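Subject: Structure handover and findings

Dear colleague,

I am passing on the structure below, together with an account of what was found in it.

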Amino acid sequence: MAQMKIEDIRAMSPDQQDDAILNLKKERFNLRFQRATGQLENTSRLREARRDIARIKTIAAQTRAKKK
């Protein structure tokens with residue numbers, strides 16, 4: 001999964017955002033295990049996944065704030 005675009009995240013429903021966060025957390029978990037066992041080839045993907053999670057959470061918080 002490549003780095004997520006802000007427009008794509010804004011187009012998601014809240015449920016889709018939650019699913020995306022869950023999938024990214026699973027991916028990050030697997031990447032951490034690959035790094036620990038020396039099998040990780042694309043080390044930058046760990047950083048991208050972490051930032052994608054933060055990006056989705058930030059946009060979700062902004063959306064919730066606008067609704068209030």
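This is a predicted model: local features need pLDDT of at least 70, side-chain atom pairs count only at pLDDT 80 or more; totals for chains, interfaces and linings use all residues.

Residues are numbered from 1 along each chain as its sequence is written, and side-chain values use heavy atoms, with hydrogens and water left out.

The side chain of Arg-45 meets that of Glu-27 in a salt bridge, at 2.8 Å from N to O, the term standing for a side-chain nitrogen of Lys or Arg within 4 Å of a carboxyl oxygen of Asp or Glu. This pair links distant parts of the chain, 18 residues apart, with Arg-45 in helix α3 (residues 44-67) and Glu-27 in helix α2 (residues 14-36); helices (H or I, at least four residues) and strands (E, at least two) are DSSP runs, numbered from the N terminus. Glu-27 is partly exposed, with a relative accessible area of 22%.

Arg-45 also forms a salt bridge with Glu-48, at 3.2 Å from N to O, and these two residues both lie in helix α3, 3 residues apart, about one turn of the helix. Glu-48 counts as partly exposed, at 29% relative accessibility. Further along, Asp-52 and Arg-55 meet through their side chains in a salt bridge of 2.6 Å, N to O, and they too are 3 residues apart in helix α3, a separation of about one helical turn. Asp-52 counts as buried, with a relative accessibility of 0%. The structure holds 4 salt bridges, and a network of salt bridges links Glu-27, Arg-45, Glu-48, Asp-52 and Arg-55.

The nonpolar side of the picture comes next. The largest nonpolar core has 9 residues in all, namely Met-4, Ile-9, Ala-20, Ile-21, Leu-24, Ala-49, Ile-53, Ile-56 and Ile-59, where a core is a set of buried Ala, Val, Leu, Ile, Met, Phe, Trp, Tyr and Cys residues joined through side-chain atoms within 4.5 Å. The elements that give two or more residues to this core are α2 and α3, and its largest share, 4 residues, comes from α3.

Helix α3 itself has 24 residues, which at 1.5 Å a residue should span 34 Å, and its end C-alpha atoms are 35 Å apart, which agrees; the expected span is 1.5 Å times one less than the number of residues. Among the buried residues of α3 are Leu-46 and Ala-60, and the buried residues of this helix pack against α1 (6-11) and α2.

Two further residues deserve a look. Gln-17, placed in helix α2, is buried, with a relative accessible area of 6%. Leaving aside its neighbours within four places in sequence, Gln-17 is in contact (heavy atoms within 4.5 Å) with Ile-9, Met-12, Ile-56, Ile-59 and Ala-60. Asp-8, in helix α1, counts as partly exposed at 48% relative accessibility; Asp-8 and Ile-56 are 48 residues apart in sequence and 9.9 Å apart in space, C-alpha to C-alpha.

With best regards

Notes: Buried means under 20% relative accessible area, exposed over 50%, partly exposed in between (1.4 Å probe, protein chains only).
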